[in-house]
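Subject: Structure handover

Dear colleague,

Here is the structure, for you to look through alongside my notes. The notes follow directly below it.

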Amino acid sequence: MGISKNDYYTIKIEDIGDKGEGIGKYEGYTIFVKDAYVEDEVKVKLTKVKKNYAFGRLIEIIKPSPYRIEPPCEVYKQCGGCQIQGLDYDKQLVFKEKKVKDALERIGKLKNININTIIGMEHPFFYRNKSQYPVKRDNEGNLKIGFYATRSHHVIEHEKCYIGNPVNESIIEIIKQYVHNNNISIYDEENHKGLMRHILIRAGHFTKEIMVCIVINGKDLPQKDQVIKALTTIPNMKSISVNINTEKTNVILGHQTKKLWGTDYILDTLGNITYQISPQSFYQVNTVQTEKLYNKVLEYAQIKGDETIWDIYCGIGTITLYLAQKAKKVYGVEIVKEAIEDARKNAQMNNINNVEFYTGKAEDVIPRKYNEEGIYADTIVVDPPRKGCDESVLKTIVDISPKKMIYVSCDPSTLARDLKYLCENGFEVKEVQPVDMFGHTVHVECVVLMRHCGLASEK
Ligand code: SAH
């Protein structure tokens, strides 16, 4: 039998894919359908057919899923920011838990793992403390400041972003006026010409302090007094800067940031610690959930007071300082120089003296520290970017053999890959705690507690 391109099929959607698409089955074939939701019954037209799977275009919803809701955002379908806003929030959480379990079983080959119920958000809207807006001119020459559409660099504007901070819209309006009044040129990716590229806005969740950083393909911003004057009318504005990015790249920020007004950072608090955050530093985007995440790390660490801990991929030292309140000594390592400068200031500002920070790639610093200085750790915390830990980092962790490992991850697939390696080399997974940091998107965060079972030395 089989299935054919351009033919129509009726299927029931049973799962959600990595991009938020619906997944159904037809005679053994897996069919991916954009804009279809779990438990929808849909008619699709196949647009691409491969050996075991196919892509279908949604033609008709024959019977809508009971989990469909009316997404509040008007541009939700076009904008690439949220993928599952049209799905009931509780069902989003079910999906995320399953995503973690599936990855650990399929990629990690980990069976019978203790996965806790996901920690969801109480108010899953307007939660992001950071937004990065691309600035573009469309084909008709109109100025567009918004978010990229899915898999494209087409900018979709919105009146109100339902996961962003409501202050962003007034800031974007000011920037638009400034561009218009002063004829500021806009960056064009095709010919690498034009000045303004991106707007980064960050707001402290508890302090409400606001930072605006304008990313430019050039050295300076013309008539900058005008934009400063307008931006400083926004309550709690603390930091205005330009970031210089003259590279032909998709990476948003360049290496140099110049302060235009105020401080070159904002402050925010997590638990009882105050952090300074620079434009270039990483800071978790969902502050309310971050506290829950870090408290879980602290709970898993079960610190008695005499421990030496390594916090690998430490950013501005957020987890490091959380742990240092109880541990004997905590070391942090991080690749971004500005983040380590923030981390050191943060330690000082909070009178925490039992920490030490190193700038560099974890894959260089950790093996070097181990091979040359024989570093020791009772507990190791890792919180890598989406691509997970470099194998040389994992190998050194196996050599160090800490009693406890805590893995904080924002990507279940690379988490599963790394846990597999660690479990094959002397560790066992005790508990997995998924946390929803990114409501309405397909992303999910996890904290994993691992214990060393003494096998590494027997290999
Ligand atoms: N633990 C921190 C940061 C986690 S995000 C927090 O919770 O805030 C991951 C961090 O890893 C980022 O700060 C990023 O700059 C850093 N990073 C990325 N690649 C790295 C590498 N190869 N070596 C060290 N740090 C790296």
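A disulfide is taken here as a pair of cysteine sulfur atoms within 2.5 Å. By that criterion, a search of the whole structure finds zero disulfides. The sulfur of Cys410 has its closest cysteine sulfur in Cys446, 9.9 Å away, which is too far for a bond. For Cys161 the closest cysteine sulfur is in Cys82, at 6.3 Å, again too far for a bond. Cys161 is also buried, with a relative accessible area of 12%; buried means under 20% relative accessible area, exposed over 50%, and partly exposed in between (1.4 Å probe, protein chains only).

Before the rest, the conventions. This is a predicted model, in which local features need pLDDT of at least 70 and side-chain atom pairs count only at pLDDT 80 or more, while totals for chains, interfaces and linings use all residues. Residues are numbered from 1 along each chain as its sequence is written, and side-chain values use heavy atoms, with hydrogens and water left out.

Aromatic residues

The structure holds twelve aromatic pairs. Rings of Phe, Tyr and Trp (its six-membered ring) pair if their centres lie within 6.5 Å; planes under 30 degrees apart count as stacked, over 60 as edge-to-face and the rest as tilted. One of the pairs is Phe32 with Tyr53, edge-to-face, at 6.1 Å centre to centre and 85 degrees between the planes. This pair links distant parts of the chain, since Phe32 is in strand β3 (residues 29-33) and Tyr53 in strand β5 (residues 53-63), 21 residues apart. Helices (H or I, at least four residues) and strands (E, at least two) are DSSP runs, numbered from the N terminus. Tyr53 is partly exposed, at 35% relative accessible area. Phe32, Tyr53 and Phe55 form one aromatic cluster.

Trp310 and Tyr331 form a stacked pair, 5.0 Å centre to centre with 15 degrees between the planes. This pair too links distant parts of the chain: Trp310 is in strand β16 (residues 308-312) and Tyr331 in strand β17 (residues 329-334), 21 residues apart. Trp310 counts as buried at 1% relative accessibility, and Tyr331 counts as buried at 19%.

Two charged side chains sit over rings (NZ of Lys or CZ of Arg within 6 Å of the ring centre and within 35 degrees of the ring normal). Lys91 lies over the face of Tyr67, 4.1 Å from the ring centre.

Asn346 lies in helix α6 (residues 337-349) and counts as buried at 0% relative accessibility. Not counting residues up to four places away in sequence, Asn346 touches Thr274, Tyr275, Gln276, Ile316 and Leu321; contact means heavy atoms within 4.5 Å. Ala347 is also in helix α6 and is buried, with a relative accessible area of 5%. Leaving aside neighbours within four places in sequence, Ala347 is in contact with Leu321, Ile352, Val355 and Phe357.

The ligand

The ligand is surrounded by 17 residues, the closest being Tyr294, Thr318, Glu334, Ala362 and Asp383; a residue is near if one of its heavy atoms lies within 4 Å. In the side chain of Tyr294, an N or O atom is 2.5 Å from an oxygen atom of the ligand. A polar side-chain atom of Asp383 lies 2.9 Å from a nitrogen atom of the ligand, and a polar backbone atom of Ile335 is 3.2 Å from a ligand nitrogen atom.

Regards

Key
A polar contact is a pair of N or O atoms within 3.5 Å; within protein, one must be able to donate a hydrogen and the other to accept it, and residues adjacent in sequence count only if both atoms are side-chain atoms.
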